[in-house]
Amino acid sequence: MSRKSYWMIVTAAILCLAMAMVGCSPEEEAGVLKIGNVGPLTGGAANYGINVLRGIEVAVDEANASGELGDLTLKVYSEDTGGDWSKAANAFSKLIDVDKVDVIIGGVLSSESEAGGPIAKDAAIPTISPSSTSAGLTLDNPYLFRNCLSDEAQIEQMAEYAVNELGLGRFAILYTNNDYGVSLKDSFEAKAKELAKVVAIEGFMDGDENFKPQLTKIKQSNPDCLYIGGYYTEGAKIAQQAREMDLNVQILGADGLCNVALIEIGEEAVEGTYATSGFYPDDPTPAVQNFVTAYKEKHGEDPDMFAAQAYDAARIVINAIKTSGPSSEEIREGIAATWNFPGITGNTSIDEEGDTIKDVLILKVENGKFVRVR
Amino acid sequence: MFVQQLMNGVILGSTYALIALGYTMVYGIIELINFAHGEIYMFGAFVGLLLVTVLDIPFFLAFLLAMALGSLLGVTVEYLAYRPLRRSSRLSALISAIGASFFLSNLALLIMGSQPFSFPNPFEAKIYHTPLFIISRVEITVLLSSLILMIALTFFVQRTKIGKAMRATAQDKDTASLMGINIDRIITITFAVGSALGAAAGVMVGIYFRTVTPTMGFMPGLKGFVAAVLGGIGNIPGAMLGGILLGIAEVMGAAYISSQYRDAVAFALLIIILLFKPAGLLGRPAQEKV
């Protein structure tokens, strides 16, 4: 075989291979817009990832069924990280390079978004996280957005509401001594000190039943408000024991209190309690009820906050496609321009850093039920 | 504030005392630490809850029925888990007790689930103000019922014939049986009475803290045991004293040192007292029987 014909065969082979690769590449399906999803579908944080994916699926099904995007059909490509940030980087790369997604909803955990954000930025693929709350995540990355409030922002809004709307000024804090309770205490204390006065801070242990020693001390400091940094079982008992001691102050709390068991155990003692929440499934507004019904029908259980935030993130993407256009760059511009979007987790705007501006929901116990007051 | 905290401590301590009595009575008779006692307490709380909520039985009657069923469970545990091991080493009986404890709490978890149940308040919420402290109607009820039960127990042990037989058995089993005392029967009665008190404590804590869970017996069971040791295990007035002291120590620890060191303060007290009085506050130094 001559040298010349050898090279011709090699070139032909390479050409064939290249054409075959183009042919089998999934890129060329007409009228399909690909949404990638990165999250933990296995491992300890699997619940978060699964619920996020389910929330996205509900939004995508809804958009495909209603035909609101014209001929465009949405398709979800999901990658499991197992909760491991190093796998998150690979998941982002695979979605972008192999599946050729147009937009990514994820990661779920903050570490996943931190690992994947730079990859999405290099590839110019817009990415919106439904749930990564770490501080400063979206800074210096025009392709990374999020649709959730940081923990601090939620608690600070409660403190602002207490001072400005409820006219409270002497705060006592009673918190459970674990990660959750301590972070609530720290954030609430900082904001409450800035706006008014913190007169007492007491802690308790997980699973405690007797809060009278702490409440007796708190009562001495004559507060007008008790902030409970903890979960509903202890919250209900604290409320009861406070009433038994004639400590009749306004009770506030965070999403840990938002469970019907708070009212079942606490009964009349928790009446009038305010608590912040990311999502309120009993909200009677049609948008929320439609989502809850559709979610239950598809997945057989009630949606949680993660599912609701993921649904809203997907709706923000769909809205961006409608208002701006279907290419990745147009979607990025559309997401960045989101302003006062009526989500089921509250009205949502995206600021110039790609972070969320959202009013945290505030629920109040009224006549033995949680009602949304803001 | 000091008097208020003292009251808080006495009320909490009176429930510990009731649990401690069950430990101490059983230990006094057969030298067994009945680790299933905390589960009897949990069982009592659940029986009380179910009678009040499902069958709508008046609270006082439910309280007595819970005590009766609690003592039945205590006797059953003794019959199935301890009696066959009466002649084997004390360690075997102790392991059996731990097994019974796990079995009962897991059985409750299986039947009732892990979520907390809310105990309805049988009394209207009323608060009484005194110059030094505030006390609620529930607290008065808990305090008074514990007092009545403790007085009744003291009367039972000191003044009745069965009580005398119990004291004789505790002193020397073999001699007591030579005197015509049916040891097995006395042991059964001891378990019945101790378990009834444990179940009573369960119902009272149920109305006091308003929640009942399958795992509620663990910590109070441990605290009751500590109270019994503090007062001198096997000694009935000691268990009452130990319970009240432990309650006060816990509350004072939380009030004046730090609420996070509450248990640490209470258990440090236990260690210090036992260093100086190894047999407990009212216990007599053990004498080896020859």
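Biologist: Why is A:Glu366 called partly exposed?

Modeller: A:Glu366 has a relative accessible area of 34%. Buried means under 20% relative accessible area, exposed over 50%, and partly exposed in between (1.4 Å probe, protein chains only). The value of 34% lies in between, so A:Glu366 is partly exposed. This is a predicted model, in which local features need pLDDT of at least 70, side-chain atom pairs count only at pLDDT 80 or more, and totals for chains, interfaces and linings use all residues. Side-chain values use heavy atoms, with hydrogens and water left out; residues are numbered from 1 along each chain as its sequence is written, and chains are lettered from A in the order in which they are written.

Biologist: What makes the pair A:Lys364 and A:Glu366 a salt bridge?

Modeller: The closest N and O atoms of A:Lys364 and A:Glu366 are 3.7 Å apart. A salt bridge requires a side-chain nitrogen of Lys or Arg within 4 Å of a carboxyl oxygen of Asp or Glu, so the pair qualifies. A:Lys364, with a relative accessible area of 18%, is buried.

Biologist: Are A:Glu244 and A:Lys212 buried or exposed?

Modeller: A:Glu244 has 11% relative accessibility and therefore counts as buried. A:Lys212 is also buried, with a relative accessible area of 0%.

Biologist: How do you know that chain A and chain B are in contact?

Modeller: Contact means heavy atoms within 4.5 Å, and the contact takes 26 residues from chain A and 23 residues from chain B. The two chains bury about 2,300 Å² between them, 50% of it on carbon and sulfur atoms; buried area is the accessible area (1.4 Å probe) that two parts lose on being put together, summed over both. There are 2 salt bridges between chain A and chain B. A:Glu267 forms a salt bridge with B:Arg210, the closest N and O atoms being 2.7 Å apart.

Biologist: Which residues touch the most other members of the largest nonpolar core?

Modeller: In this core of 88 residues, they are B:Leu18, B:Leu21, B:Phe59, B:Phe63, B:Val77, B:Tyr82 and B:Leu149. Helix H8 (residues 183–209) of chain B gives the most to this core, with 15 residues. A nonpolar core is a set of buried Ala, Val, Leu, Ile, Met, Phe, Trp, Tyr and Cys residues joined through side-chain atoms within 4.5 Å.

Biologist: What does B:Leu18 contact beyond its neighbours within four places in sequence?

Modeller: Its contacts include B:Leu149, B:Met150, B:Leu197 and B:Met204.

Biologist: Why does B:Tyr261 count as exposed?

Modeller: B:Tyr261 has 52% relative accessibility, over the limit for exposed residues, and so counts as exposed. B:Tyr261 lies in the loop between H10 and helix H11 (262–276) of chain B.

Technical notes
Helices (H or I, at least four residues) and strands (E, at least two) are DSSP runs, numbered from the N terminus.
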